[in-house]
Protein chains: 2
Amino acid sequence: MGDRVTLQTIADELGVSRTTVSNAYNRPDALGAELRARILAVADRLGYRGPDAAARGLRTGHRGAIGLLFTEDLRFVFEDADTTGFLQGVADASVQAGTGLMLLPSPPDLEGASTAVTSVAVDGHLVFSVAADDPALEAIVAMGLPLVIVDEPDLGARASFVHIDDRAGAKAAAEHLLALGHRRLAVLLGRTGRDGGSGPVDAAREAAWTIRIATERLAGYRDALTAAGLDPDELVVWEAGANDPDRARQATTELLAASPDVTGLLCFSDRVAIGACQGARLTGRRVPEDLSVVGFDDIPRAATWDPPLTTIRQPIVDKGRLAARLLLAAIDGAAPSRVQLPIEPIVRSSTAPPT
Amino acid sequence: MGDRVTLQTIADELGVSRTTVSNAYNRPDALGAELRARILAVADRLGYRGPDAAARGLRTGHRGAIGLLFTEDLRFVFEDADTTGFLQGVADASVQAGTGLMLLPSPPDLEGASTAVTSVAVDGHLVFSVAADDPALEAIVAMGLPLVIVDEPDLGARASFVHIDDRAGAKAAAEHLLALGHRRLAVLLGRTGRDGGSGPVDAAREAAWTIRIATERLAGYRDALTAAGLDPDELVVWEAGANDPDRARQATTELLAASPDVTGLLCFSDRVAIGACQGARLTGRRVPEDLSVVGFDDIPRAATWDPPLTTIRQPIVDKGRLAARLLLAAIDGAAPSRVQLPIEPIVRSSTAPPT
DNA sequence: TCATGGTACTTTATCGATTAAGTTCACATG
DNA sequence: CATGTGAACTTAATCGATAAAGTACCATGA
């Protein structure tokens with residue numbers, strides 16, 4: 001009596017088979033119109049809620065959703081213009097495919113993390129820029145579902161991989177400053193590992209980084225110095241500890257105090273660059289007159305920031321859309337693939353020749 | 001041989017029962033440490049992917065995720081500061097609870113909509129400001145899972161309900177303009193139904209609205225006029241057709257052309273207000289000197305917009321957090337409840353006495 | 001010596017549906 | 001008239017796991 005209404009309940013009530021009731025929902029052509037109407041009527045009368053998604057998913061093998069794992073705590077995902085741009089692209093592809101988008105909660109602790117990530121039913125996973133040693137990522141890889149990784153980490157042939165040429169992008173950024181005549185450059189990174197340390201970077205710390213694109217971009221900045229005949233070791237390297245304007249502001253004041261002769265600052269992202277501009281002002285410097293600042297990403301705010309940021313654009317919405325499409329294809333049986341998206345230097349007003 | 005590895009495969013291999021293997025994953029204390037280690041080793045060797053989420057969900061009745069349905073096409077959800085603020089709150093609560101967040105794709109068409117929404121396994125649904133006649137909403141209501149509705153629509157006792165006092169908020173906005181001395185006011189609404197019409201609003205159109213808060217806020221604006229001894233029918237009412245700056249800009253130019261003597265504009269949202277400011281400028285008006293503009297919501301951009309917007313703040317992050325908590329409580333068996341969140345008028349520089 | 005209780009497993013019974021392979025029967029065809 | 005065919009259902013076999021109850025064995029204490 002208090003029992004849940006299932007297909008069987010309805011079948012019994014009408015004296016038909018459970019399969020027929022199932023067909024009334026899923027294959028209307030497989031039964032007579034009159035019987036179907038009667039089934040639906042009885043279902044309604046009995047308060048049937050429709051075929052159970054978990055049961056159907058178990059039987060058919062399709063869960064109708066893709067999982068998304070982010071670096072950042074889910075709570076901060078929606079603050080970051082870069083991430084929301086990515087999500088826009090993913091949502092676009094997923095709406096077209098009619099599939100749900102499961103945002104996976106980030107690890108409060110190791111144990112809990114894998115629990116949440118593994119206990120949710122999805123057809124595949126999209127991983128956006130997650131540190132290689134993230135426990136949630138390991139849990140996902142262990143699940144063996146179709147997997148698309150964006151930016152980070154590069155798992156080789158085990159997953160599809162969507163990325164940009166970070167090294168070339170960084171090189172272009174540094175070349176821009178060098179072409180303007182800057183000689184004393186600094187780099188301000190955001191997050192370089194799961195636990196972001198902050199402060200000046202030495203070789204030992206650099207070796208411990210688990211964020212691939214931090215290493216790549218730093219290499220790119222150095223490439224530009226080398227190509228210009230300068231000593232790449234002269235580059236001042238700092239990390240803010242997070243891809244966050246507040247942390248970047250703080251780090252910038254420290255950086256400029258430690259290396260007051262720096263005239264050009266290469267930032268890991270536009271969010272970092274925004275913080276850097278604020279930090280520079282706190283030390284009494286004007287941007288770009290006293291300090292040129294270059295960002296990365298070209299988030300919407302970059303164009304409207306004061307001053308508008310010189311940056312390296314990457315097609316973040318396309319990145320999301322493409323990643324989702326690759327995942328949906330992989331779920332349909334396609335083989336993993338690797339795609340590199342184009343970048344484009346955007347020169348605005350946060351850079352100028354040194355004075 | 002190509003068969004999938006399940007608990008049974010491992011159980012057979014070791015000559016133990018399936019339950020014991022299950023316990024190795026879910027109740028480590030229920031078996032000996034040595035046997036558990038052997039089970040895990042065999043599982044690893046055989047390439048077992050861990051307990052299947054759909055099967056576990058079916059058996060336990062817990063799906064480990066909550067579904068989110070939005071008004072807007074999922075593609076635009078991440079553009080809207082109001083929605084992302086809400087998502088921040090939801091994510092906060094959901095990370096704490098360790099549950100997945102399933103973003104539900106919006107209806108491309110009626111048939112497809114319900115399919116996607118109903119074929120995904122969740123423990124309950126969160127509905128954010130969806131028109132009462134939305135087919136996806138109807139499908140969700142029919143599923144009979146725990147349900148929390150935010151803003152729209154009010155389903156009475158069938159679901160928990162989180163909202164603000166829209167009418168009082170609107171009244172406060174209008175009172176502010178009246179107190180400044182404005183007498184000729186206009187209202188610019190965003191979306192008033194599933195298919196947003198745009199243009200001047202008459203009684204017939206108003207009667208067809210399916211967005212509760214449009215009706216509520218308009219009533220609030222009129223309340224203020226009435227309370228000030230003015231004729232509420234003198235209020236010029238337009239709708240932009242969407243909660244979107246571009247549409248609002250266009251509508252504002254038309255509104256000001258049709259009613260050039262308007263000195264105060266009450267906007268449905270800050271996004272509409274931002275578009276309205278742009279539209280006013282297009283007609284050669286300055287804000288606030290020639291036209292005072294009031295928004296609603298107090299999104300982050302409201303404070304940094306030029307001019308900073310006078311608006312009615314609502315605690316959007318709290319709204320998301322509270323809604324998610326109510327849903328999680330309902331999933332745990334709590335009864336539906338209704339909560340009204342506080343609002344607060346914020347006076348900035350987009351309003352001034354008429355000149 | 002024997003009841004008592006805990007540990008470490010096993011047995012049995014589902015969770016709610018879908019799919020592939022029948023079965024039945026009416027009806028058209030050569 | 002025997003046969004073939006399609007429509008409309010039914011039967012049987014899973015999908016992969018968990019929960020509750022049951023069994024066997026060993027140690028303990030009176």
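In this predicted model, Pro307(A) sits in the loop that links helix 14 (300–304) to strand 11 (311–313) of chain A. The peptide bond between Asp306(A) and Pro307(A) is cis, with omega about 0°. Chain B has a cis bond as well, from Asp306(B) to Pro307(B), with omega near 0°; here Pro307(B) belongs to the loop between helix 14 (300–304) and strand 11 (311–313) of chain B. Such details are worth a look, since most residues other than glycine have a negative phi, and most peptide bonds are trans.

Asp151(A), although not a glycine, has a positive phi of about 70°, and its place is the loop between strand 4 (147–150) and strand 5 (160–164) of chain A. Asp151(A) has 23 other C-beta atoms within 10 Å and is therefore buried, the cut-off being 20 or more. In chain B, Asp298(B) shows a positive phi of about 60°, again without being a glycine. Asp298(B) is part of the loop between strand 10 (292–294) and helix 14 of chain B, and 25 C-beta neighbours inside 10 Å make Asp298(B) buried.

Chain A also holds an open sheet of five strands, in the order 7-8-6-9-10 and with mixed pairing. Strand 7 (199–200) and strand 10 (292–294) of chain A each have a single partner strand and stand at the edges, so one side of each lacks a neighbour in the sheet. Further in, strand 6 (residues 185–189) and strand 8 (residues 236–239) of chain A are paired in the parallel sense over four bridges, with Leu188(A) bridged to Trp238(A) in strand 8 of chain A. Helix 9 (residues 166–180) of chain A lies across strand 6, strand 9 (264–267) and strand 10 of chain A, and makes an angle of about 160° with strand 10 of chain A.

How do the two chains come together? Chain B is superposed on chain A by a rotation of 180° with 0.1 Å of shift along its axis, at an RMSD of 0.1 Å. The two copies are thus related as by a two-fold rotation axis. Within chain B, the C-alpha nearest this axis belongs to Met102(B), at 2.1 Å. Both copies use the same surface, as 100% of the contact residues of chain B recur in chain A.

The contact draws 43 residues from chain B and 43 residues from chain A. On the side of chain B that touches chain A, the elements giving two or more residues include helix 5 (74–77), strand 2 (100–103) and helix 7 (110–118) of chain B, while helix 6 of chain B supplies the largest share, seven residues. By type, this side of chain B comprises 21 nonpolar, 15 polar and seven charged residues.

Strand 2 (residues 100–103) of chain A and strand 2 of chain B pair in the antiparallel sense over three bridges. Met102(A) is the bridge partner of Met102(B), and Leu103(A) that of Leu101(B). Strand 2 of chain B is covered on both faces, with Gly100(B) and Met102(B) buried on one side and Leu101(B) and Leu103(B) on the other. Within chain B, strand 2 also runs parallel to strand 1 (residues 65–70), joined by four bridges, and Gly67(B) stands opposite Met102(B).

Notes. Residues are numbered from 1 along each chain as its sequence is written. Chains are lettered from A and ligands numbered from 1 in the order in which they are written. This is a predicted model: local features need pLDDT of at least 70, side-chain atom pairs count only at pLDDT 80 or more; totals for chains, interfaces and linings use all residues. Two strands pair if DSSP finds at least two bridges between them. Two residues are in contact if their C-beta atoms, placed from the backbone, lie within 7 Å. Axes are lines fitted to C-alpha atoms, for helices over the stretch in contact, and angles run from 0 to 180 degrees between N-to-C directions. Copies are superposed by least squares on the C-alpha atoms of residues with pLDDT of at least 70 in both. Ala, Val, Leu, Ile, Met, Phe, Trp, Tyr, Cys and Pro count as nonpolar, Asp, Glu, Lys and Arg as charged, and the others, Gly among them, as polar. A residue is buried if 20 or more other C-beta atoms lie within 10 Å of its own, exposed if 12 or fewer, and partly exposed in between; C-beta atoms are placed from the backbone.
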